[in-house]
Amino acid sequence: MEKLLQVKDLKVSFHSYAGEVQSVRGVSFDVGVGEAVAIVGESGCGKSVTAKTIMGLIQTPPGEIKAGSEILFEGTNILAMTEKEWAQYRGASCSIVFQDALAALNPTLTVGRQIAEKVMLHTKVSKADAYKEAERLLTLVGIPNPAKRVKQYPHEFSGGMRQRVMIAIALACQPKLLIADEPTTALDVTIQADIIDLLKDLQQQLNMAVILITHDLGIVADVAKKIVVMYSGKVVEKGSNTDIFYRSKHPYTQALLRAVPRLDADENQELESIEGTPPNLIAPPVGCPFSTRCKECMNICQTQEPPEYEFEDGHICRCWLYHEFAQGNKEA
Amino acid sequence: MKKFITKRFLQMMLVWVLVSIISFSVIFFAPGDPLYMYMTPEATGRKLTEEELQAMRESLGLDGTAVEQYTSWATKMVQGNWGISLTTKEPVLNEILKKLPATIGLMGASLILSLIVAIPLGLIAGTHKNSWIDNIISAITYVGVSMPAFWLGIMLIIVFSMQLGWLPSSGMRTIGVVSNWDVIKHGILPAIVLSLNNMAVFVRYIRSNTITQMEEEYVQTALSKGIGKRGIMYGHVLKNCMLPVITTVGSRFGTLVTGSFIVESVFAWPGLGTLGMSSINNRDYPMVMGITMFSCTILLLGNFLADLLYGIADPRIKIGKE
Amino acid sequence: MAKLLTPLDKAAIRAEDFAKAVKDENKVEASFERTVFQQLVSSFRQNKLAILCLIVLLTIILSSIFAFLSPYDPDEMDVMNKMAGPSAEHWFGTDELGRDSFTRALYGGRVSLSVGFSAMVVSVIIGTLIGSVSGYVGGKVDAVLMRVVDIFQSVPSLLMIIVFFSFVPSNMVTLIIMLALFSWTGVARIVRAQTLTLKERDFVVAAKVLGVSHAKIIMRHIVPNMATQIIVAASLSVAGAILDESALSFLGYGVALPKSSWGSMLQNAQQYILYDPLLALIPGAFILLTVLCLNILGDVLQHALDPRLHK
């Protein structure tokens, strides 16, 4: 598959009064053309920061993208782009859908204007045509009566409808990559499924690459072909959805999976939660970041950073358990 | 929308009634008969007889219980009969309306001046948070809110009228000169003094508003559409920033009213404030009541108009009509 | 089976390190939360302007208190030396009766500062009482009290005070009461908002369950927990009261002569600005400096308390 986006050793920090918060500490993954990838992890694991960095939305300062980080979009390092190039890239090549559509939409502008302004910015069309395009996009995301809806304000829409509007804005100008940053977290469960289905349909219909960012492994199963599991600013495991769901290697991924409710599970089986809290990113632990909560934790996990192991093609896991010395006590 | 206006209007009327009761009772319960000064020879040239005093009490609505006095006074107020000034023997309302243009002119000029200065300063400070220019603007606003207006007036008179001789120090017109430019020249210093405090308040408000608006997520959405910093500022942030400023302007009418009393005293500006101060000094009881109520009305009307304007300007409020 | 992708330093890895780790359950992670007091101290330390303001303010307050150390009597006239310019004997010159301007400004500060601080104390007491009851009781009581606050905020306060004083002779006590009467509303609003959040907190709910009386809950559990917010409101309130007092005195409705505050010194000086502008400069500069310092300190305090600004 042709690669659309390559994130290479991305490191992002934020400077705060208490010190440097190392939000993203060396993240690498690829997204192919038209491919759907999910980034999964708890809140604060750096997944949203990664998404915002790809969109160029990190403010510097207080943010800092460390030297050596690279994000290649169609072969160009977007981190080295000028402000003008960024403006062309944002929206036209890549767009984002935020978690809370109510906050992400401008409350005092009509929905039509918020879509049309993007269309007019990137394509040379008249205002009337831009509003026509806005109506078409609203229809595309499943909003009935678009001619009336374009004249309305965000507060006149329901939560699910607002998120559809966000998606319509993101789809305008046919970007090659759509980032959905927790698009369903603020919604009711039934509406969540609708939005996920919509994203999946659009991805296939428009052959658009999608990065779905979520803390909920349950919703990514049938959307994403590839899953990246993040913990404490690092990728701990990545692979195809079958790799992650059926042959997961990292104790953190396994723990996450045990926390997802399953229809096929025995009704008496309890859902497990992961004890403890993620480490503080101002002073991250020396070894494996998960070692403080890991049930399999070994002495070396607390002193040395684990290496990457590749299992099947593209299934990569960072864990000391797969070192030859650990084979013995794994069985034990 | 209609519902919103009605609600606001009723609220305003309620406050107005309560204010009238308060201002009425301040004078009613104040020790000392307001007619006291008319009993002394200094005021009238002779001592008034008991009958004359009684007649005067009746004409001023000063007989009967507090409630009776209030209702009779309030009814007359509503009918436009605000009584006769004790010093000029003219109807109070006429006197007030005669002085009104000077005060409204001063207030209007000062409000416009403060907004013209405050909007760009507030936006610049807000978009350049913690930069040197923001620090300079903040320093100016700190001085602005801390400055005693009358002292600033005196200092400006010393510098611009006495030392440099550029601008007149008091009054509204030079005797014998009839020109608008002459009035403007007289008005510059009073308008500046009256504006300073409001200007500082507006700058701080607009600054903090800009900062919060810039941190809103819709700004990130706009950025992600590929809109540049300028486009975001003018297309998105500006409107959301300026909307609540309308309400703030409304809430500053009180400062404008009391400020005009002080500024008019310093510059001998022949407006409501000067009239008010002299009537207070002369114990011109109907005039004091009239001016108090008139000032409150200006203030309440200002608040009401600001709310109204906000209701029209902000789409989120229109939902009230449905 | 698994392919190693990261080059490893074989020498640094020993088999015994792969023993299962024994975890110390009692290990507590370093906390980055700071107490409000620590935040205050550190934001004062970082903010040189705040330190400067504190020093200036304390100097003004202390020199007003110790004004009697001045070699001059504030009321002692010296007609041979009237309206003198600054000199080694008279730092800021003398006034129209030959009294030492500097000494008079210090004594004036006593009046202005004590009126300002007393008015603040009264308005903080009224505001805290009404605000906490309004927020704690809620419902109709809250609605009525907040309406009262609205009304007080929508009258031109200075005008009302002047009207009042045109009938009642003003002295320190009435002046303080009147100033407080029109300035408690700001404190009340802040206290009410804080009470609304605090009353939902666990320790208040717990106290209620234990049967602690409402009055005790307000006094012991709610009010002490917003001490810092009240301090902020208080410092801004002092600033406002000093300004209002000076304006009143300037218009002739402040403290009665022979006592004089900065405001009444200015009223007096206005007659002589043609001859001696310095006379007007000094008391005004004292007012400006004091109010400026109080406003800046109030703001610094507020910023220290606002967690959003620490992000």
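This passage walks through a predicted model of three chains, chain by chain and then interface by interface.

As the model is predicted, local features are kept only at pLDDT of at least 70 and side-chain atom pairs only at pLDDT 80 or more, while totals for chains, interfaces and linings use all residues. Residues are numbered from 1 along each chain as its sequence is written, chains are lettered from A and ligands numbered from 1 in the order in which they are written, and side-chain values rest on heavy atoms, with hydrogens and water left out.

Chain B comes out with 15 helices and zero strands; helices here are DSSP runs of H or I of at least four residues, strands are runs of E of at least two, and both are numbered from the N terminus. Of the 322 residues in chain B, 50% are buried, that is, under 20% relative accessible area, with exposed meaning over 50% and partly exposed lying in between (1.4 Å probe, protein chains only). Contacts are heavy atoms within 4.5 Å, and of those in chain B that link residues at least 6 apart in sequence, 71% join residues at least 24 apart.

For contacts in chain C between residues at least 6 apart in sequence, 70% join residues at least 24 apart.

Lys10(C) sits in the loop between β1 and α1 (36-46) of chain C and is exposed, its relative accessible area being 63%. Lys10(C) is 276 residues from Phe286(C) in sequence, and the two C-alpha atoms are 75 Å apart in space. Ser237(C), by contrast, belongs to helix α10 of chain C and counts as buried because its relative accessibility is 12%. Leaving aside residues up to four places away in sequence, Ser237(C) touches Met120(C) and Ser123(C). With Ser123(C) there is also a side-chain to side-chain polar contact at 3.4 Å; the term covers a pair of N or O atoms within 3.5 Å, where within protein one must be able to donate a hydrogen and the other to accept it, and residues adjacent in sequence count only if both atoms are side-chain atoms.

The strand of chain C turns up again in a sheet with chain A. This open sheet has nine strands with mixed pairing, in the order β7(A)-β8(A)-β9(A)-β3(A)-β10(A)-β11(A)-β13(A)-β12(A)-β1(C). At the edges stand β7 (94-97) of chain A and β1 (3-4) of chain C, each with a single partner strand, so one side of each has no neighbour in the sheet. Strands count as paired if DSSP finds at least two bridges between them. Between β7(A) and β8 (residues 177-181) of chain A there are four bridges, in the parallel sense, and Cys94(A) has Leu177(A) in β8(A) as its bridge partner.

Turning to the interfaces, chain C and chain B bury about 3,700 Å² between them, with carbon and sulfur atoms giving 81%; buried area is the accessible area (1.4 Å probe) that two parts lose on being put together, summed over both. The contact involves 37 residues of chain C and 43 residues of chain B. There is one salt bridge between these chains, where the term means a side-chain nitrogen of Lys or Arg within 4 Å of a carboxyl oxygen of Asp or Glu. Arg204(B) and Asp299(C) form it, their closest N and O atoms being 2.5 Å apart. Five residue pairs are in polar contact between chain C and chain B (both at pLDDT 80 or more). On the side of chain C that touches chain B, α4 (139-153), α5 (157-165), α10 (227-250), α11 (262-270) and α12 (277-305) each supply at least two residues. The most comes from α12(C), with twelve residues. That side of chain C holds 28 nonpolar, seven polar and two charged residues, with Ala, Val, Leu, Ile, Met, Phe, Trp, Tyr, Cys and Pro taken as nonpolar, Asp, Glu, Lys and Arg as charged, and the others, Gly among them, as polar.

Between chain A and chain B, the buried area is about 2,000 Å², of which carbon and sulfur atoms give 56%. Here 27 residues of chain A meet 18 residues of chain B. One salt bridge is found across this interface, with Lys225(B) and Glu117(A) 2.7 Å apart, N to O.
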